Amino acid sequence: MSEFSVEHFISNICLRTKKNLNYIDETNQKDKSVYELTQLINSLFALLIMPVEKYKSINDGYEPNAKKYKEYKDIESIINECKKNKFYRSTYTEDYKYPVTWFIRHIRNALAHSGDQGIHFIPLQEKKDIKYIIFYDTQKKNLKGQEIECFFCVKLSIIQIHNLAIKISELYANIENESKNKITEQLYNNEIDTLKRFLESGEEPKDLKRNNKKK
């Protein structure tokens, strides 16, 4: 990987992933042996999981600021289109307060969490081609002493997923570029030093040493 900015690592990843996606799409027009859908799914892991993990502590807070970006409205349009076609449903109250950032969070959860099929996203095949993918996210919550199960589900076309990936990459790049929570070069170096000392120490956990002695 070529040189990147410590303060803008997520932005770099998002924009470079977008560039790779566009390149593979263009290549696929000439060479059908290129698996553009495979690359799209792989790209989603980088575009959703990494940015959400970095910003999840302020995930709700930055939505009002994110509204100023065109990409926010583009993602909102995709959500509204799914609702209109009855391809979207959620019982999470947060989805009505933070419709875009929580939508992104649900797609992230669908990629990262396991379900009945081993994953929370299920490709739908039509005539040997995958036309749609269903993403779902579920969580049990305690509401006033009563346990309820919240459920999110959306059916996205491959074109929608591609557009969503591009728009999310651009949105997170904009958010990070204006973020006041940028890490500094010194914090980066301090963390690297700490991790290197841990790796080089070679010490075993105390409880493991105790068990070895007993044997």
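The following exercises, with worked solutions, concern a predicted model of a protein chain.

**Exercise 1. Overall architecture**

Determine how many helices and strands the protein chain has, and the order in which they occur.

*Solution.*
Step 1. The protein chain contains 9 helices and 4 strands.
Step 2. Along the sequence, these elements follow the pattern α-α-α-α-β-α-α-β-β-β-α-α-α.
Step 3. Of the 215 residues in the chain, 36% are buried.
Step 4. When contacts between residues at least 6 apart in sequence are considered, 65% of them join residues at least 24 apart.

**Exercise 2. The largest nonpolar core**

Identify the residues that touch the most other members of the largest nonpolar core, and the elements that give two or more residues to this core.

*Solution.*
Step 1. The core comprises 43 residues, and those touching the most other members are Phe-103, Ile-104, Ile-107, Phe-135, Val-154 and Leu-156.
Step 2. Two or more residues come from each of the helices α1 (9-28), α2 (36-55), α4 (70-84), α6 (99-112) and α7 (158-178), and from each of the strands β3 (129-143) and β4 (146-157).
Step 3. Leaving aside residues up to four places away in sequence, Phe-103 touches Ile-79, Tyr-88, Tyr-98, Phe-152, Val-154, Leu-156 and Leu-164.
Step 4. As background, nonpolar side chains tend to be buried together in soluble globular proteins.

**Exercise 3. The packing of α4 and α6**

Classify the relative orientation of α4 and α6, and describe their contact.

*Solution.*
Step 1. The axes of α4 and α6 are 10 Å apart, and the packing angle is about 70°.
Step 2. Angles of 65 to 115 degrees count as roughly perpendicular; α4 and α6 are therefore roughly perpendicular to each other.
Step 3. In this pair, α4 passes α6 in a left-handed crossing.
Step 4. Helix α4 contributes Tyr-72, Ile-75, Glu-76 and Ile-79 to the contact, while α6 contributes Pro-99, Val-100, Phe-103 and Ile-104.
Step 5. By class, this contact has 7 nonpolar residues, no polar residues and 1 charged residue.

**Exercise 4. The packing of α4 and α7**

Classify the relative orientation of α4 and α7, and describe their contact.

*Solution.*
Step 1. The axes of α4 and α7 come within 8 Å and cross at roughly 150°.
Step 2. Angles over 145 degrees count as roughly antiparallel; α4 and α7 are therefore roughly antiparallel to each other.
Step 3. Helix α4 passes α7 in a left-handed crossing.
Step 4. Among the contact residues are Lys-70, Glu-71, Ile-75 and Ile-78 of α4, and Leu-164, Lys-167, Ile-168 and Leu-171 of α7.
Step 5. The residues of this contact divide into 7 nonpolar, 3 polar and 6 charged.

Terms used:
Residues numbered from 1 in each chain as written. Predicted model: local features only at pLDDT ≥ 70, side-chain atom pairs only at ≥ 80, totals over all residues. Heavy atoms only, no water. Core = buried A, V, L, I, M, F, W, Y, C linked by side-chain atoms within 4.5 Å. Buried < 20%, exposed > 50% of the residue type's maximum accessible area, 1.4 Å probe, protein only. Contact = heavy atoms within 4.5 Å. Axes fitted to C-alpha atoms, helices over the stretch in contact; angles between N-to-C directions. Parallel < 35°, antiparallel > 145°, perpendicular 65-115°, else oblique. Left-handed = near helix turned anticlockwise from the far one by under 90°. Nonpolar A, V, L, I, M, F, W, Y, C, P; charged D, E, K, R; others polar.
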